[in-house]
Amino acid sequence: MSLKNINTVLAAAVALLVISLGASYILTPETLAPGFGLPNWPAGDGGGFLIAKGSREIAMGLVLGILLVTGHRRALGWALLMEAVAPFGDMTTVLSHHGSMATALGVHGLTSALMVATGLLILRETSKARKSQEAAAPALAAQPA
């Protein structure tokens, strides 16, 4: 299997995971909220937080999906790197509020690391493709018509 195929599978998995996670936060927050890692959930109208988190996750997943489907692979790599900030932020939120270290590192930290690794792999893939295109361009230009 080529690097491009592996990267495509990883990026698609991340996009689908993020979209499904976001939908779950909106549709069935009671099943996902306890697994976020915070020791206490806000009292009162804390459901608004879950809808905001779910909406953010869906938007992030859709960005990745659109870049993947339209073939903008270099932009996809950069988007994965930038979007990895969100689960990293979730991890630091859980840790700074004395939540579960296992959840902070095992869920949010690993998600962030997976996104960074996938983004770097895609940027590496597109960098190699760009270099080979640049190397071929002078040879094509030198050929007589």
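Q: What makes the space of about 240 Å³ a pocket?
A: The largest pocket holds about 240 Å³ of space. On a 1 Å grid over the protein atoms alone, a pocket is an open set of points where a 1.4 Å probe fits, with protein on both sides within 12 Å along at least five of seven lines. The volume is the space filled by probe spheres set on the points, which are joined across faces, edges and corners. The model is predicted, with local features requiring pLDDT of at least 70 and side-chain atom pairs pLDDT 80 or more, while totals for chains, interfaces and linings use all residues. Residues are numbered from 1 along each chain as its sequence is written, and side-chain values use heavy atoms, without hydrogens and water.

Q: Which residues line the largest pocket, and nearest its centre?
A: Its lining comprises 18 residues, with Leu21, Lys53, Val107, His108 and Thr111 nearest the centre. Two or more lining residues come from each of helix H1 (3-27), helix H3 (47-70), helix H5 (85-96) and helix H6 (101-142); helices are DSSP runs (H or I, at least four residues) numbered from the N terminus.

Q: Why is the pair of phenylalanine 36 and phenylalanine 49 called edge-to-face?
A: Their ring centres are 6.2 Å apart and their planes 85° apart. Phenylalanine 36 lies in the loop between helix H2 (29-32) and H3, and phenylalanine 49 in helix H3, so the pair ties together parts 13 residues apart in sequence.

Q: Is phenylalanine 36 buried or exposed?
A: Buried means under 20% relative accessible area, exposed over 50%, and partly exposed in between (1.4 Å probe, protein chains only). Phenylalanine 36, at 2%, therefore counts as buried, whereas phenylalanine 49, at 35%, counts as partly exposed.

Q: What makes a set of residues a nonpolar core?
A: The members are buried Ala, Val, Leu, Ile, Met, Phe, Trp, Tyr and Cys residues joined through side-chain atoms within 4.5 Å. The largest such core has 15 residues, among which Ala11, Val14, Leu64, Leu76, Leu80, Met115 and Ile122 touch the most other members. At least two of its residues come from each of H1, H3, helix H4 (73-83) and H6. A second, separate core of eight residues includes Ala33, Leu38, Leu50 and Met91.

Terms used
1 Å grid on protein atoms, 1.4 Å probe; cavity = no way out; pocket = protein on both sides within 12 Å on 5 of 7 lines; lining within 4 Å. Phe/Tyr/Trp six-rings, centres within 6.5 Å; stacked < 30°, edge-to-face > 60°.
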